[in-house]
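Welcome! Here is a friendly tour for someone meeting this structure for the first time. Have a look at the sequence and the model, then read on.

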Amino acid sequence: MKNYLKIIQIDEHSITPKYLQICNSILRGIEEEKIEKDDILPSINDLSIALEVARNTIERAYKELRKYNVINSVAGKGYFISNTQFNQPIKVLLLFNKLSSHKKIIYDAFAEVLGSNAAIDFTFITAILTSLKSCLWVISIITQN
């Protein structure tokens with residue numbers, strides 16, 4: 001069995017629900033050919049323990065993957081990749097300077113219009129700028145030496 005912990009990534013600080021992050025990680029693994037047709041996925045219990053998430057989270061991720069006809073299950077055998085040809089949802093990144101009620105309204109409206117055809121994630125521009133300043137500071141020190 002493949003090491004799915006190297007493929008599935010969860011960002012604790014992301015607004016994207018964990019079940020969608022798991023689903024998107026598996027879809028990305030298929031796109032990058034790290035996961036192939038007929039590969040067996042970890043059981044719901046094993047994956048929930050390994051990722052330290054609720055069983056329900058894994059169940060929802062697997063249910064979402066079933067919706068895309070990517071996985072199937074066999075009673076007593078588990079879940080497996082049944083199809084590697086799929087239409088992955090559009091990936092959208094929203095950047096906000098801070099969270100406020102009117103920006104939440106914008107996010108909700110955006111999510112409603114895109115529907116289930118999009119995976120929406122957002123972050124705060126201040127976090128990106130802070131990281132960028134740190135990188136520039138390190139580059140500055142390196143070039144001075």
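Glu 33 counts as exposed, because its relative accessibility is 64% and the cut-off for exposed is over 50%. You will find Glu 33 in the loop between helix 1 and helix 2, just after the end of helix 1. The phi angle of Glu 33 is positive, near 60°, although the residue is not a glycine. Please keep in mind that this is a predicted model.

Another residue of this loop is Pro 42, which also sits between helix 1 and helix 2. Is Pro 42 buried or exposed? Pro 42 is buried, because its relative accessible area is 9% and buried means under 20%. Along the chain, Pro 42 and Asn 3 are 39 residues apart, yet 9.3 Å separates their C-alpha atoms.

## The chain as a whole

Let us step back for a moment. The protein chain has 5 helices and 4 strands. Read from the N terminus, the order of these elements is α-α-α-β-β-β-α-β-α.

Of the 145 residues in the chain, 32% count as buried. The chain exposes about 9,700 Å², and carbon and sulfur atoms supply 55% of that area. Among contacts with a separation of 6 or more, 61% come from residues 24 or more positions apart.

## Helix 1, mostly covered

How many of the 14 residues of helix 1 are buried? The count is 11, so helix 1 is mostly covered, with buried meaning under 20% relative accessible area. Among the buried residues are Tyr 19, Leu 20, Ile 22, Cys 23, Ile 26, Leu 27 and Ile 30. Gly 29 belongs to the buried set too.

From its first C-alpha to its last, helix 1 reaches 20 Å, close to the 20 Å expected at 1.5 Å a residue.

Helix 2 spans residues 44-51. Which residues of helix 2 are buried? They are Ile 44, Leu 47, Ser 48 and Leu 51. Seen down the helix axis, these buried residues fall within an arc of 100°, so they line one face of helix 2.

The C-alpha atoms of Asn 45 and Asn 56 are 9.8 Å apart, and 11 residues separate the two along the chain. After helix 2 comes Glu 52, with a positive phi near 55°.

## One aromatic pair

How many aromatic pairs does the structure hold? It holds 1. The partners are Tyr 62 and Tyr 79, and the pair is tilted, with 4.6 Å from centre to centre and 55° between the planes.

Why does Tyr 62 count as buried? The reason is its relative accessibility of 1%, because the cut-off for buried is under 20%.

Asn 69 lies in the loop between helix 3 and strand 1 (71-74). The phi of Asn 69 is near 60°, again a positive value in a residue other than glycine. Asn 69 is exposed, because its relative accessible area is 51% and exposed means over 50%.

Helix 4 covers residues 101-114, which makes 14 residues. Its reach from first C-alpha to last is 20 Å, close to the 20 Å expected at 1.5 Å a residue. Gly 115 follows helix 4 and has a positive phi, near 65°.

Conventions: Residues numbered from 1 in each chain as written. Predicted model: local features only at pLDDT ≥ 70, side-chain atom pairs only at ≥ 80, totals over all residues. Heavy atoms only, no water. Helix = DSSP H or I, 4+ residues; strand = E, 2+ residues; numbered from the N terminus. Buried < 20%, exposed > 50% of the residue type's maximum accessible area, 1.4 Å probe, protein only. Contact = heavy atoms within 4.5 Å. Areas by Shrake-Rupley, 256 points an atom, 1.4 Å probe, with all protein chains shown as cover. Arc of directions from axis to C-beta. Phe/Tyr/Trp six-rings, centres within 6.5 Å; stacked < 30°, edge-to-face > 60°. Expected span 1.5 Å × (residues − 1).
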